[in-house]
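These are my notebook entries on one protein structure. I set down what I looked up, entry by entry.

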Amino acid sequence: FLFIIIHGDFRVTLEGAEIERGGQGDVQGAAQLLHLSDWTRTVTLNPKHQGEGMVQVITRSKLVEILAGHPVPKQRLRDMEEQLRFAKGADWHILEKIPTFGASCSKPFLSRIFKDADVRFFCPGRFLAEVGAPLAYMIIVLAGTLRSEHPQTLFHVELTRGHWCFQNNILGNEPTCAHDVLATSHCMVLILHRHTLLNAVVAYPECREAVLENETWRASAPQLSSLRVMEGVPAPVLSRILKEAGQQYFRSGSHILHHGTSVDPNSLIFILRGEARISIMGIEVRILKTGDCIGVHQFLQLPQQPVPTYEIVASDATDVLVVYSQTLFEAMEDDRFEDSMKPFKNATSVLAGGDILDAFGLPVDGDEVKFVPECVEGSEVFRVCSPAFVAQLPLLVEDLAFFPGDKIYCQGDEGCFMYFVQAGRVRLEVLGRPKHEVVGGGVTFGDMACLKQVPHYTETAIAETHVWVRALHKRLLDRALVSFPEEERRVMGTAGKRREGVFEDD
């Protein structure tokens, strides 16, 4: 069957990843209506669409019945099917001549790529690609004829069965189309998407090097060893982690993490290039750039609870590396790497509420170590607030990990967050004050600027040790206070005489 979208916003997915959006007038299923291919894509109504979607469906049997009394269009349809019947017989062998795959890629690998590809039908005059448009796939002609051309020039190349284009796009070396591609006849094409290629690379690691060595952009990508959590990790362990790592690609607008989900246990997402935005309850709280990571707590096997309204969406074409910590924990037990793995061991210990250790692995003198999972609910800032109001706050915070020496914020910065210390110690430095304050588990800092009691942060916050903090964005706090006007007066220090506010002096 074939269907036409009359109304609604539809998501088109392939192997679990969104590849395009469908709107009014879009046609899906032309190849299936002509019995030229089975369905290779999944089309669903966008969960965020308000209201219902509407489509009109044309079945094969109904089309044949209608054309029975119209011999000319009926014959035209038969001729089209005969012209394109060669597409049905295509298999993984059609990929062998593509340089990216070549002789070094195995039959199972090529079969997997072919199985996960999208098969599309196009009519004459239809553009498959246009110069300058974002593109992360390659096209292989199964039947019919395409024309690759440079706009406003006479240069063009005819593409027929077995020909391909946009190899550099599927490899990520070029982000946009370098030329137009136009259907000059009815045609069937195989579209290989970047995310399915990387899925196959992970499934068949023996082909990893043959494919990834062609991705020239990786030479300028950040190195995994640059992450603070990887400090001191010996080269043999790091090499093994990279071999076991997964590769993923997200197109602009697609979800890296959906609502209520978190990074897989014992894993960490490292952004090789691109950009992503973190939102809680639909409010953007942070932007992730190249070299940032997601999921340090899961990577270190810490008891973090997922936030139901937390999501991460790629705001640009994004490539990530998914690394797993099991190898690191095994290395911790290996006598050969005992000294090298001390920084990683200290991080897991301190962030889990253990003793704060020095470079020799000995406990550091100082205040009693505190691990306070209820650091938000028990914060002094909200001590006068009702239990109903306080109970919603843990659902609005983001868990962050900082390493010794990391700056959490600087004096004079805008007060976008207040921070609740769950584990570790933070040093608060004020310009001109000789003695610095060090705070630990259960303490809240940055609250005065976040609550607009002062115009900006009045101190610089630096991680004295490994620190687990829970960050509450100012816009999320404002949204929570809107529904509790009495709590707003209390928190802001304007409560009535019968109940003292947090910031009132009397």
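**Entry 1: an aromatic pair**

I began with two phenylalanines: Phe329 and Phe344 are both buried, where buried means under 20% relative accessible area, exposed over 50% and partly exposed in between, with a 1.4 Å probe and protein chains only. Rings of Phe, Tyr and Trp (its six-membered ring) pair if their centres lie within 6.5 Å; planes under 30 degrees apart count as stacked, over 60 as edge-to-face and the rest as tilted. Phe329 and Phe344 make an edge-to-face pair, with 5.3 Å from centre to centre and 75° between the planes. Because Phe329 belongs to helix H10 (residues 326-332) and Phe344 to helix H11 (residues 342-351), the pair ties together parts that are 15 residues apart in sequence. I also noted one aromatic cluster, formed by Tyr409, Phe417, Tyr419, Phe445 and Tyr457.

**Entry 2: basis of the model**

I note that the model is predicted: local features need pLDDT of at least 70, side-chain atom pairs count only at pLDDT 80 or more, and totals for chains, interfaces and linings use all residues. Residues are numbered from 1 along each chain as its sequence is written, and side-chain values use heavy atoms, with hydrogens and water left out. The mean pLDDT (the predictor's confidence in each residue, from 0 to 100) is 89, and 94% of the residues reach 70 or more. Over residues 494-506 the pLDDT is below 50, and this stretch has 28 contacts in the model beyond near neighbours in sequence; contact means heavy atoms within 4.5 Å.

**Entry 3: the whole protein**

I counted 15 helices and 30 strands; helices (H or I, at least four residues) and strands (E, at least two) are DSSP runs, numbered from the N terminus. The C-alpha trace spans about 95 × 60 × 40 Å along its principal axes. Of the 506 residues, 47% are buried. Among contacts between residues at least 6 apart in sequence, 75% join residues at least 24 apart.

**Entry 4: helix H11**

Which residues of H11 are buried? I found Phe344, Asn346, Ala347, Thr348, Val350 and Leu351. Their cover includes helix H9 (296-299), H10, and strands S23 (397-402), S25 (417-423) and S30 (467-473). After H11 comes Gly353, which has a positive phi near 95°.

I looked up Leu182 in strand S13 (residues 180-183). Leu182 is buried, at a relative accessible area of 11%. Apart from neighbours within four places in sequence, Leu182 has contacts with Gly125, Arg126, Phe127, Thr145, Leu146, Arg147 and Glu149. From Leu182 to Thr309, the C-alpha atoms are 43 Å apart in space, and the two residues are 127 apart in sequence.

Ile98 sits in the loop between helix H3 (71-83) and helix H4 (107-116). Its relative accessibility is 0%, so Ile98 counts as buried. Beyond neighbours within four places in sequence, Ile98 is in contact with Met138, Ile140, Trp164 and Gln167.
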